[in-house]
Amino acid sequence: MDVNTILDSLNDAQREAVTQPLGSSLILAGAGTGKTRVLVHRIGWLIQVEGVSPWSIMAVTFTNKAAAEMRGRIEQMLDMPVRGMWVGTFHGLAHRLLRTHWKEADLPENFQILDSDDQLRIIKRLMQALGLDETRWPPRQAQQYINSKKGEGLRSSHIEPGYDLFEKTMYSVYAAYEENSRLLGVVDFAELLLRSHELWLKHPELLAHYRERFQQIMVDEFQDTNAVQYAWLRMLAGDKGNLMAVGDDDQSIYGWRGARIENIRQLTCDFASAKTIRLEQNYRSTSTILKASNTLIANNPDRLGKELWTEGNDGERIRVYAGFNEVDESRFIAARIQDAVNGGMALSDIAIFYRSNAQSRVLEESMLRSSIPYRIYGGQRFFERAEIKNALAYLRLASNQDDNPSLERVINVPARGVGEKTVQQIRDVARSGGVSMWRAAREMVKGKGLTARATNAVVSFIELIEGLSLSSSDLPLDELADHAINVAGLIEHYQKEKGEKGHARIENLEELVSACKQFDPDAVFYDKMQQNLSPLDAFLAHAVLESGDAQADQFIDSVQMMTLHSAKGLEFPLVFMSGMEDGLLPHRMSFNDSGKLDEERRLCYVGMTRAMKNLYLTYAESRYLHGKETRHHSSRFLREIPSDLMEEVRLSATINTEMSNASLSLGHAEMAEIGLSLGQRVTHEVFGDGTILNFEGQGAQARVLINFDDEGGKWLMVIYAKLTPLSVNGICC
DNA sequence: AGTCCCCCCATTTTT
DNA sequence: TGGGGGGACT
């Protein structure tokens with residue numbers, strides 16, 4: 001491949017980023033400006049022109065999806081597989097380091113990785129053991145505390161709790177948790193990063209080795225890095241290393257989970273020679289959408305500054321719709337989707353965004369009612385399903401019997417007569433002896449601590465696990481999984497479950513076996529450094545680190561529904577942002593903190609910049625929230641968008657609660673003629689009382705949408721419906 | 001051991 | 001309004 005192939009398709013700024021001399025750089029890449037392309041082409045440039053070996057390149061991302069995409073595009077461009085290059089997530093690469101240097105990292109060779117669910121279970125148990133009241137000290141809070149401390153690079157030994165009761169309590173949980181993790185030989189997600197950072201800190205010779213090797217480091221979504229991730233990168237790059245950080249401060253929406261937008265500025269201090277290059281030419285959206293987004297985000301303070309532009313045309317104005325309530329809003333969206341489909345658009349080109357998951361239900365109902373296929377992002381993932389986690393727990397125990405969370409999960413699944421009382425006894429013995437539950441159980445069945453019945457049950461479990469452990473060394477992975485599922489009795493267990501559910505679970509278990517069959521450890525670890533890791537351990541790590549796709553009928557053409565957070569990185573020709581209300585976006589939890597409000601604004605910006613051609617911003621004047629009718633104002637962000645870029649699609653009913661009998665504002669002559677108005681209460685002979693939500697057509701064709709209290713929404717022809725207006729008072733309650 | 005009921009809670013999520 | 005979790009009851 002020649003140089004022209006690398007450079008031809010690039011604009012000036014992209015080309016500058018790709019061809020810059022070796023050194024560090026900060027690429028401020030706005031939404032839709034081709035940042036992945038720059039990363040990929042830069043790697044091509046390094047290899048083809050600078051003569052850099054793929055061996056000395058590392059590319060880091062946050063998600064497995066991004067890593068896979070990057071690897072795929074690199075291989076496509078170079079037209080060859082790139083073994084030796086490290087392309088992966090922060091967690092994946094850290095994991096790889098720890099597997100290679102488990103001894104130096106002070107970990108057991110077959111350490112297991114905890115997912116957040118396992119972690120929470122452990123924390124719960126520990127807090128019970130510490131005698132902490134769960135209602136006063138929610139385990140989730142402790143989990144968050146621990147993870148955020150680890151994300152800041154802090155061990156419990158670094159923390160000086162002081163006299164604050166909260167700090168003191170959390171500190172004690174953290175300390176107990178660290179001790180427990182060490183005892184069990186388990187490592188959580190945050191630990192992977194912190195531990196591998198410490199590995200380099202404590203072993204300068206290893207650091208020197210990796211510095212020597214990884215001369216070229218590329219990072220994607222740099223604005224999402226937390227303190228440890230940044231320290232890790234900085235340490236690896238050293239003073240001489242070459243770090244290319246690609247990010248966008250305006251798309252930093254993960255501050256709440258430890259991402260430090262400040263790292264971007266820090267980078268320009270720490271790497272003084274780093275050149276900053278801005279990618280501002282957008283290839284995605286219309287000029288109208290970009291102008292609106294630019295104006296909105298300009299309200300944020302302390303930006304590094306960036307303005308998106310396009311060579312494309314203005315396109316259509318952004319449409320704003322004020323729904324009477326959330327049902328009206330969702331019907332409006334469904335109707336516009338139907339229009340778009342009638343106009344020939346594919347459903348998969350359409351997306352609906354919302355701030356919080358709870359908003360999806362009403363939208364779903366409208367899609368169902370209109371028979372519009374949809375897909376919701378972020379459902380349960382394959383490796384997180386209960387039956388899969390149970391099967392994996394058996395496999396994990398086959399590898400490491402000290403894995404308490406796995407033992408707790410399946411010691412009585414399927415039921416084999418080990419009740420909660422017995423489990424609690426095992427827990428107590430384990431805790432007082434400072435050993436794992438497995439060891440405690442083994443001791444206990446030898447002594448007389450348990451009833452005969454319990455002893456038998458526990459013994460059969462122990463024998464089961466020991467048998468699996470033996471098989472694990474001679475059976476191939478898929479046969480081992482199949483064997484484990486059968487011997488453990490999981491198939492019979494789920495056969496008993498009535499209905500479709502048990503059947504689906506068994507199918508999933510079968511899918512697990514075939515996943516084992518297809519699993520190639522080399523695909524996880526691209527070079528052969530990991531030979532000490534058994535296929536089983538490699539698979540178990542793979543299952544935790546890459547928990548798989550949320551189930552998806554990805555092949556069915558469907559509307560894409562997702563939260564604003566999960567929309568980042570995607571693009572759609574037609575986008576609806578629903579719930580544009582003060583209280584939802586910005587979320588009310590952010591009201592009293594300007595930093596959080598800025599992040600909400602960035603969230604809004606991220607959503608808007610997903611739209612390629614058409615963007616609808618919709619809100620509801622009234623919506624049910626937590627079982628109560630809530631009135632919101634339209635989002636303040638709507639007012640930050642220049643009004644000439646927007647058009648209101650239909651006038652909304654403004655309900656004036658103070659003037660109960662005043663007519664509601666209409667804006668439609670036809671309606672006024674008939675004497676009806678939006679939001680008005682009416683009575684129908686057959687359907688009873690209801691509220692007018694919408695109307696269309698005129699004269700003899702005029703129809704109104706009425707939400708009847710008992711019958712739900714119906715479109716009725718005005719001339720036949722014989723509607724009797726009621727007092728407006730009814731609405732205000 | 002499994003089911004039912006009541007109470008509490010309610011932003012965003014990847015690894 | 002609805003889901004999840006914990007406790008109590010069968």
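Is Asp79 buried or exposed? Asp79 counts as exposed, at 67% relative accessibility. Please keep in mind that this is a predicted model.

- Asp79 has a phi near 60 degrees, a positive value in a residue other than glycine, and its place is in the loop between α4 (64–78) and β3 (86–89).
- Asp302, also not a glycine, has a positive phi of about 60 degrees.
- The loop between α13 (287–297) and β9 (318–325) holds Asp302, which is exposed, with a relative accessible area of 68%.

- Strand β14 covers residues 611–625 and includes Thr618.
- Thr618 is buried, its relative accessible area being 0%.
- Leaving aside residues up to four places away in sequence, Thr618 touches Tyr321, Glu329, Phe332, Ile333, Met577, Ser578, Gly579 and Met580.
- β14 runs antiparallel to strand β15 (residues 628–631), and four bridges join them.
- Arg623 has Thr630 of β15 as its bridge partner.
- Two residues separate β14 from β15 in this hairpin, and His626 in the turn has a positive phi of about 50 degrees.

**Cis peptide bonds**
- Val413 and Pro414 are joined by a cis peptide bond with omega about -5 degrees; Pro414 lies in the loop between α17 (404–410) and α18 (420–433).
- Leu585 and Pro586 are joined by a cis peptide bond, with omega about -5 degrees; Pro586 lies in the loop between β13 (572–577) and α27 (594–608).

**Cysteines**
- The structure holds zero disulfides.
- Cys269 is exposed at 56% relative accessible area, whereas Cys516 is buried at 2% relative accessibility.

Conventions
Residues are numbered from 1 along each chain as its sequence is written. Chains are lettered from A and ligands numbered from 1 in the order in which they are written. This is a predicted model: local features need pLDDT of at least 70, side-chain atom pairs count only at pLDDT 80 or more; totals for chains, interfaces and linings use all residues. Side-chain values use heavy atoms; hydrogens and water are left out. Buried means under 20% relative accessible area, exposed over 50%, partly exposed in between (1.4 Å probe, protein chains only). Contact means heavy atoms within 4.5 Å. A disulfide is a pair of cysteine sulfur atoms within 2.5 Å. Two strands pair if DSSP finds at least two bridges between them.
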